[in-house]
Amino acid sequence: METLYKMYEHLNWANSRILQRIQIGKGAAREARRLFSHLLFAERVWFMRLKGEDCSSLNIWCELDIEGCEILVKENEEMIRAYFTYLEDEILDKEIVYKNSKGIEYISSIREILTHVALHGHYHRGQINFLLRTNDLEPVEIDFITWTR
């Protein structure tokens, strides 16, 4: 449980750092902002699924402006912190039934979902850093080990 909690503390920190860099980049960071919007909406969808809420109306590829990203970063952080407040080791292997965006039903454990969301974010933040570099913007140092220092 401690490892999962640390992964999400890092996720919130990394999202805030990416947001700051995209704010500086303005137009040059449009594709980065599109990926960041996706990452944020995916976090929202997965946590709604974990809570048994209907998320079928959310488009995970909807592009937000920078203000929308800022709002979603804050809301997601609050949602994640609230979820972890009540999360206990005993339920990590509980299975959740959910439908993907195409309506196909799946079953995954809470542990698998939480791990997936954290890794999904790492993947896209890496892509975002690549896009920033290709647009002559300095990538953001967001490594887990940097966060621990």
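What follows is a set of questions about how features of this structure get their names.

Guide: This is a predicted model, in which local features need pLDDT of at least 70 and side-chain atom pairs count only at pLDDT 80 or more, while totals for chains, interfaces and linings use all residues. Residues are numbered from 1 along each chain as its sequence is written, and side-chain values use heavy atoms, with hydrogens and water left out.

Visitor: Why is leucine 35 called buried?

Guide: Buried means under 20% relative accessible area, exposed over 50%, and partly exposed in between, with a 1.4 Å probe and protein chains only. Leucine 35 has 7% relative accessibility, so it counts as buried. This residue is found in helix α2, where helices (H or I, at least four residues) and strands (E, at least two) are DSSP runs, numbered from the N terminus.

Visitor: What is leucine 35 in contact with, leaving aside its neighbours within four places in sequence?

Guide: Contact means heavy atoms within 4.5 Å. On that basis leucine 35 is in contact with Trp61, His124, Gln127, Ile128 and Leu131, leaving aside neighbours within four places in sequence. The C-alpha atoms of leucine 35 and glutamine 127 are separated by 8.0 Å, although the two residues are 92 residues apart along the chain.

Visitor: Why does glutamate 70 count as partly exposed?

Guide: Its relative accessibility is 29%, so glutamate 70 falls in the partly exposed class. Glutamate 70 is found in helix α3 and touches Leu19 and Gln23, not counting residues up to four places away in sequence. Its C-alpha atom and that of glutamine 20, 50 residues apart along the chain, are separated by 9.1 Å.

Visitor: How do you know that the span of α3 agrees with its number of residues?

Guide: The expected span of a helix is 1.5 Å times one less than its number of residues. For the 21 residues of α3 that should be 30 Å, and the end C-alpha atoms are 31 Å apart, so the two agree. For α4, 25 residues should span 36 Å and the end C-alpha atoms are 37 Å apart, which agrees.

Visitor: Which residues of α3 are buried?

Guide: They are Ile66, Gly68, Cys69, Leu72, Val73, Asn76, Met79, Ile80, Tyr83 and Phe84. Seen down the axis of α3, these buried residues fall within an arc of 145°, so they line one face of the helix. The arc is that of the directions from the helix axis to the C-beta atoms. An α-helix has 3.6 residues a turn, so residues three or four places apart point the same way.

Visitor: What lies on either side of α3?

Guide: The buried residues of α3 pack against α1, α2 (30–50) and α4 (110–134). The face turned away from the buried side carries the exposed residues Glu78, Thr85 and Tyr86.

Visitor: What makes a space a cavity and not a pocket?

Guide: On a 1 Å grid over the protein atoms alone, a cavity is a set of points where a 1.4 Å probe fits but cannot get out, and a pocket is an open set with protein on both sides within 12 Å along at least five of seven lines; lining residues have an atom within 4 Å of a point. Grid points are joined across faces, edges and corners, and a volume is the space filled by probe spheres set on the points. A search of the whole structure finds 1 cavity of 30 Å³ or more, and about 40 Å³ of space lies in the largest cavity.

Visitor: Which residues line the largest cavity?

Guide: Its lining is Tyr5, Tyr8, Glu9, Asn12, Ile80, Arg81 and Phe84. The largest share, 4 residues, comes from α1.

Visitor: What is the volume of the largest pocket?

Guide: The largest pocket has a volume of about 460 Å³. It is lined by 20 residues, of which Arg49, Cys55, Lys99, Asn100 and Ser101 lie nearest its centre.

Visitor: Why is aspartate 136 called exposed?

Guide: Aspartate 136 has 75% relative accessibility, so it counts as exposed. This residue lies in the loop between α4 and α5 (144–148). Most residues other than glycine have a negative phi.
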